[in-house]
Amino acid sequence: MKDVFLFTFRQNTKGKGFVFSTFIIPLIICVVGIAVTIIAAKPDNPQENVPKNAERLYITNESDMEYVEFKYFGLMECVVGRSVPENDDKAFDVVIMNDGDGYSVKVSAPAWSSLKDDDASAIMPDIIAYVERLGRVNSAKKEAGGMVAGADLMKAYTPVNVNVGTEGDENVNIGTVFFETIGPMIIVAILYMMALIYGQSIGKIVISEKVSKLMETLLITVKPSSLIAGKILAMAFMAVLQMTMWVIGLVSGIGFGHVIAKGINPDYTNYVIEIIKMLRDSGGGLAFSAPVVLMSIAVLYVGFLFLCVFAGLIASPVSKAEEMSSCFGIYQIFIVLGFLAAYFIPMNGDVSPVLDKVLHVVPFTSVFMLPGDILIGRISIALSIVYVIILIAFTVILSLYTGKLYKAQVFYNGVEVNPVKRLFMPLKKKARR
């Protein structure tokens, strides 16, 4: 098996395609991660949305802010305590009021102004952000009796996370919910694409000797079960190597980008890191912890190995190239159904405990669900171990069955039977020679 593994691995890693997928794509992912992080670190410039002919804000402060001064917004002068006079046609009226725990802001352009309502709408988000920051500074100074330390002042200026809630529900962070939903979906989509791509490759390699009539020569030195095991493991190892390089590229891009971004903008907040921290806090420190990350990666690899073995099983009874399409229709059906079940059923949000356990036990759905659920701490470590043991058991059983089926069908010369039906032929019956 070792010789078959090494031979298959070398044969499939010689081309430019392997070099591109294994080294160039991770480099591209890393560069993109750095670029996106640096772009996100660009300091906000309120002046960008300020109309060119706007020069002043006339602010009526009806809120409880008394420890801050409204002097400048961007390059615009702030005049506090009065409305826009009729001789000023380049100013906005701004009214600030208390609104529960926060503030409400109204921005308008007077009738005689050269500014328009669209200009007021454009500048509104930046003024709201400006008022929110001053509101936090005001609260910090109020608690300190008018004086506040520099560190506390910087903390007050840090942007807050936006929460949404419905009546009767606890507040839920939008970013956390988004990350909890999208994170596992990304893993599902990547594994799905890898299963389809490498499933086809494994099928072609499994039947290559049968099609080229080299089987008799190979079997002089290699057992049939060792032959197929070496081929499947070589392809699975190659795919795992590529996936690992992609992950390294992504993590490196975010990490290097974060360091560079902090150098450009010390006030920059990496929301990916912040959301991960929130997930860890909400999950009791379980989500994205080192043990969970390692277990999630291990489960991803085990699940992918299961799909590779299943592809080998489907290809085992095939003896002609033209039979591949009919056999691999079965493979694609199982992969697509497992993908859809893992992707869409949990999105309903009302999955029963029994159905949830079934989805985590059945290997064709668990391979897509377990890595993401473990990573974000949706299931406990103890339960994760149980599900992983079940998945490993299915993989081992399927591997043994695949080896026996391949051996039984390697020289099949009996009555012509569709290769799909050969998958279910009793293995105790020896193939006719």
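Modeller: A patch here is built from residues with over 30% relative accessible area and no salt bridge, and nonpolar side chains are joined within 5 Å. The model is a predicted one. With that rule, V19, F20, F23, I24, I28, V32 and V36 come out as a nonpolar patch on the surface. Take V19 as the example. V19 sits in helix α2. Its relative accessibility is 39%, so V19 counts as partly exposed and passes the 30% cut-off for patches.

Now the setting. The chain has 433 residues, and 39% of them are buried. It folds into 14 helices and seven strands. Its accessible surface comes to about 23900 Å², with 63% of that belonging to carbon and sulfur atoms. Among contacts with a separation of 6 or more, 70% join residues 24 or more positions apart.

The charged side chains come next. The whole structure holds three salt bridges. E55, R56, D88 and K90 are linked by salt bridges into a network. Start at E55, which is partly exposed because its relative accessibility is 34%. E55 pairs with R56, and the closest N and O atoms are 3.2 Å apart. E55 also meets K90, at 3.8 Å from N to O. This second pair spans distant parts of the chain. K90 lies in the loop between β3 (76-80) and β4 (91-99), while E55 lies in the loop between α2 (16-40) and β1 (56-61). The two are 35 residues apart. K90 is partly exposed too, because its relative accessible area is 31%. The remaining bridge joins D88 to R56, at 2.7 Å from N to O. D88 is in the loop between β3 and β4 and R56 is in strand β1, so this pair ties together parts 32 residues apart in sequence. Both D88 and R56 are buried. E55 and K90 each take part in a salt bridge, so the patch rule leaves them out.

What about disulfides? A search of the whole structure finds zero. C30 is buried, because its relative accessible area is 11%. C78 is buried as well, because its value is 9%.

The largest nonpolar core has 64 residues. F304, L307, Y331, F368 and I374 have the most contacts inside it. Six helices each supply at least two of its residues: α5 (174-212), α7 (224-264), α9 (290-315), α10 (324-344), α12 (363-375) and α13 (381-409). The largest share is that of α9, with 14 residues. Leaving out residues up to four places away in sequence, Y331 touches A195, L196, G199, L307, F310, A311 and I314. Another core lies apart from the largest one and has 23 residues, including M76, F92, A109 and Y130.

Back to the part you asked for.

Note on methods. Residues numbered from 1 in each chain as written. Predicted model: local features only at pLDDT ≥ 70, side-chain atom pairs only at ≥ 80, totals over all residues. Heavy atoms only, no water. Disulfide = S-S within 2.5 Å. Buried < 20%, exposed > 50% of the residue type's maximum accessible area, 1.4 Å probe, protein only. Salt bridge = Lys/Arg side-chain N within 4 Å of Asp/Glu carboxyl O. Helix = DSSP H or I, 4+ residues; strand = E, 2+ residues; numbered from the N terminus. Patch = residues over 30% accessible without salt bridge, like charges linked within 9 Å, V, L, I, M, F, W, Y side chains within 5 Å. Areas by Shrake-Rupley, 256 points an atom, 1.4 Å probe, with all protein chains shown as cover. Core = buried A, V, L, I, M, F, W, Y, C linked by side-chain atoms within 4.5 Å. Contact = heavy atoms within 4.5 Å.
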